[in-house]
Structure formats: C-alpha cells, structure tokens
There are 2 protein chains.
Amino acid sequence: MRTTEQYGRKADLALTMWVKLARASTTFGRLTGKDIEQHGLTQPQFGVLEMLGHLGPLTIGDIGKRMLVTGGCVTVILDNLEKEGQVERIRSSEDRRVIKVQLTPKGESTFKTVFRKHADRVAELSSVLSEEEQIQLSTLLKKLGLALKEKQ
Amino acid sequence: MRTTEQYGRKADLALTMWVKLARASTTFGRLTGKDIEQHGLTQPQFGVLEMLGHLGPLTIGDIGKRMLVTGGCVTVILDNLEKEGQVERIRSSEDRRVIKVQLTPKGESTFKTVFRKHADRVAELSSVLSEEEQIQLSTLLKKLGLALKEKQ
DNA sequence: TATGAATAGTTTAAATTTGAAATACTCCAT
DNA sequence: ATGGAGTATTTCAAATTTAAACTATTCATA
C-alpha cells in the first residue's frame, strides 16, 4: 500500500480500491469467459441464457437493464442466440410493442449444462477467499453497487 | 441474500459475489467514464495518460500488460492520442524493436487536470463506504486479484 | 558469421457495443 | 375518435477490442 499521500488520503484510498476492483473484475471475467466460449457461447450470450434460465421469460428491455447494455446490443445477442435455436421471441398479445424472450428446449438444456460448470468454476476461482471473506466482500460490493446505481 | 441452495453453498456464495463484483465494477466504470469523456478522452486513452503520468515513459508492451488489453489495441489508442498531440513514440536506440511512449507537455497538462478531477470523483463515488470499509474491500479484492492473476 | 527462434510492434478482418434515428405501437387528454 | 407524447424494439454507422498474420529486430549458438 502506498504510504505517501498524492491526492489526499481519501482520494488515494478510493483510487486504490477502484484499481483493485477493476482488475479483479476484468480478470475474473476473462477466466470465466474462456470456459464459456468453449461451449460455443459468447459471454453476453451466456448472460442472456442464464437470466432466462433463472428468471423465466423476460422482455428485451428487461434483459438490457439487467445486463447493463443497450437495447441495440440485446437485439444482436438475441439474433445470434435465435439463429442457434437457443431462444425464441414471442410478441406479447396484450401489448404488441413488447417482445418476450424465452428459452427453447435446446436453450434450456444448454443453460443447465453450461451453468452447472460455470458455477463450479466460479466457486473454484473464488476459493482463495474463505467463505467468511466472500460474504464480507459481497456485503461491501452490494453496498457500493447500490449506492452507485442511485447516481447513474 | 438467497436462502435456498441451488448449486451448493460454496457455489451459491461465489456466484453471488461474482455478480456483485461485476455490477459494481461496470457501474463504477460507466460513471467515471462519463466524466472522462467530457474532457474529450476515451476511457482507455485516459488509462494510458494516467499510466504515463504516474510511471513515466513505458514501452507499448508494458502498457498493454498493465491495461489488460492486446497490443493491437494499444497501437490504436496511441495512434489517437498521438494525433491529439498528447503522447509521442520514441524508438529506443538500444533495442530498435522497442518503442517508448511518453507524454508531451500537452499530455502532461491534460493528465494533471483530468486526473485531479478523476481522483475527486472516485473519492466521491466511494464515499458511501467508510475509510475502514474501503480498506477492507481493497484488501479482499487484492487477495482475489492476485490469486486470479496466477491462473491466467 | 550465419541461421533459426524469440520478441516488439503494426496491420487486418471480424465481433461486440454504443448512440441515434427509424418504426411500430399504446395511452391519455381533448 | 383522434392527435400527440411516450414506450419497445430494430436498424445503422461509428468506435473499440481481439486474434492472427505480418514486418523488423535481437539473441543464442553453432
């Protein structure tokens, strides 16, 4: 840890934290991403499968909000997943502007296989931290994340 | 926090942590990125300026390693910064394969202005956590980050 | 000194993401 | 019922990133 102040104690502390946050997140994402890509899925494609697998059918807008990407991006991701027969778009009959996206049986099966492995891999990568440390980290990140969400 | 086990306690714990890590990092990056872009810099451009400002001249390879991006990407970032007169490439005379990149006086001045504001902004965004919590978070993230680095 | 392996950086093509414009539809106030 | 505001999604162009192929240079060693 740096001992001389460069930008004031508060700023130095926060900058150090932010660097470590970005690095850990990027590296974690790269490592899990490599596994996912071995199943012929990109990371965002897997993100959509995971969401639909855990939450059931969602609208395109919901998917974008949860993944923190723009609608145009969701459209492309879904186009590719649809070409592979993993998901299907269903125009809502109540509100015809809305499209619900859901897993096909093939998508359901892909989700189960890939997510099971993903969960194990995430656990393995995290295992350098004890369970207690992981809980601590989660708690702190949640507090930070919620506060940041407000400021968006 | 989810109370029923889905993938085993360890995996659930790790998955929860990873989701929060990714979200906090993405959101933090978006918010600081918006500030940076108001100075006519992209996030990676700012990343290079910051590195050179704090560490002095670096080779292109070093920049890529530190930013966790490929060499091809660094080339593009530097091309754009060079067009703006913020950095210059200097071919090393000892080893003519190597290029050292350094800030121009203009780059020096941009770095000082923008980083000062950036530091304040990062401190502000982090202020939802107490100093002690920030230190805790840093420590945990460092432990995680270092372990992940090994596995790359 | 010659030659083959290794290293530093650039170029290229393809994929992803964004933001803005366009389209299609709904809802509300008149 | 109709016009206008607002919402959901897609399309498009531009920017960023990657991976692989390529050029130029150095190093090891025979």
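How many residues does the contact take from chain A and from chain B? I looked that up first: 47 residues come from chain A and 47 residues from chain B, with contact meaning C-beta atoms, placed from the backbone, within 7 Å.

Ground rules. The model is predicted, so I keep local features at pLDDT of at least 70 and side-chain atom pairs at pLDDT 80 or more, while totals for chains, interfaces and linings use all residues. Residues are numbered from 1 along each chain as its sequence is written, and chains are lettered from A and ligands numbered from 1 in the order in which they are written.

Chain A side. I find helix 1, helix 5 and helix 6 of chain A each giving two or more residues to the side touching chain B; helices are DSSP runs (H or I, at least four residues), numbered from the N terminus. Helix 1 gives the most, with 19 residues.

Leaving out residues up to four places away in sequence, A:L21 touches B:A24, B:S25, B:F28 and B:L141.

DNA strand D. I count 21 residues around it, with A:G61, A:G71, A:G72, B:V69 and B:G72 coming nearest (near: C-beta, placed from the backbone, within 6 Å). Helix 4 of chain B gives the most to this surface, four residues.

Technical notes: Contact = placed C-beta atoms within 7 Å.
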